[in-house]
Amino acid sequence: GHMAPAADMKWSEQAMKESFYMTNMCPQNHNNNAGDWKDLEELVRDIARKYGNTYICVGPIVSDASVTIGKTRKIVVPQAFYKVLLRQKSDGTWTSIGFVMPNEAGNRPMMSYMVSVNDVESMTGIDFFPNLPDTVEETVESNFEVSDWTI
């Protein structure tokens, strides 16, 4: 599956072509890719249209327990995938939300995948928004308000 969706690259023929590079893809359960993950991609696209400037980070979650495919290249199959979003609200404050989706078939409500950005940072070891002032970053990343992300 694509990490940055091809459907988000319609603004440029070159961007569309580059979205099919293997550096933008991970082994993904087909049912997940065509189901809940697709629904999340569409939700995030709608959020970006509604709110404008939205920072989006996406990627695989792997560990030493992750399995590999292929005899020569041994490509790691992620155990899950994440998306984290950050945007500034009209009152000037910031809000964020995270999603963690297991790399398996599922048909669950989107709310079941919602987590704080801090939760995703703990799973991945990535500091997603380090340029925010520390006091803002800690507050914004430690919780989320679903109502900030309704479309």
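Glu104 is partly exposed, with a relative accessible area of 37%. Here, buried means under 20% relative accessible area, exposed over 50%, and partly exposed in between, for a 1.4 Å probe and protein chains only. The model is predicted, so local features need pLDDT of at least 70 and side-chain atom pairs count only at pLDDT 80 or more, while totals for chains, interfaces and linings use all residues. Residues are numbered from 1 along each chain as its sequence is written, and side-chain values use heavy atoms, with hydrogens and water left out.

The side chain of Glu104 meets that of Arg108 in a salt bridge, at 3.3 Å from N to O. Such a bridge is a side-chain nitrogen of Lys or Arg within 4 Å of a carboxyl oxygen of Asp or Glu. Side chains of opposite charge can pair when their charged atoms come close. Arg108 is partly exposed, at 35% relative accessibility. The structure holds six salt bridges.

Another of these joins Lys17 to Glu13. Their closest N and O atoms are 3.5 Å apart. Both residues lie in helix H1, residues 13–18. They are four residues apart, about one turn of the helix. Helices (H or I, at least four residues) and strands (E, at least two) are DSSP runs, numbered from the N terminus. Lys17 has a relative accessible area of 49% and is partly exposed. Glu13, at 60%, counts as exposed.

Glu42 is partly exposed at 32% relative accessibility. Lys38 is partly exposed at 39%.

Aromatic contacts come next. The structure holds five aromatic pairs. Rings of Phe, Tyr and Trp (its six-membered ring) pair if their centres lie within 6.5 Å; planes under 30 degrees apart count as stacked, over 60 as edge-to-face and the rest as tilted. One of the pairs is Trp37 with Phe81. Their ring centres are 5.4 Å apart and their planes stand at 50 degrees, so the pair is tilted. Trp37 is buried, at 0% relative accessibility. Phe81 is likewise buried, with a relative accessible area of 0%.

Tyr55 and Trp94 form a further tilted pair. Here the ring centres are 6.4 Å apart and the planes are at 45 degrees. This pair, too, links distant parts of the chain. Tyr55 belongs to strand S1 (residues 54–61) and Trp94 to strand S5 (residues 94–102), 39 residues apart. Tyr55 is partly exposed at 47% relative accessibility. Trp94 is partly exposed, with a relative accessible area of 25%. Elsewhere, ring pairs link Tyr82, Phe128 and Phe129 into a cluster.

Arg87 lies over the faces of two rings. A charge sits over a ring if NZ of Lys or CZ of Arg is within 6 Å of the ring centre and within 35 degrees of the ring normal. For Tyr51, Arg87 is at 3.6 Å from the ring centre. For Trp149, Arg87 is at 5.2 Å from the ring centre.
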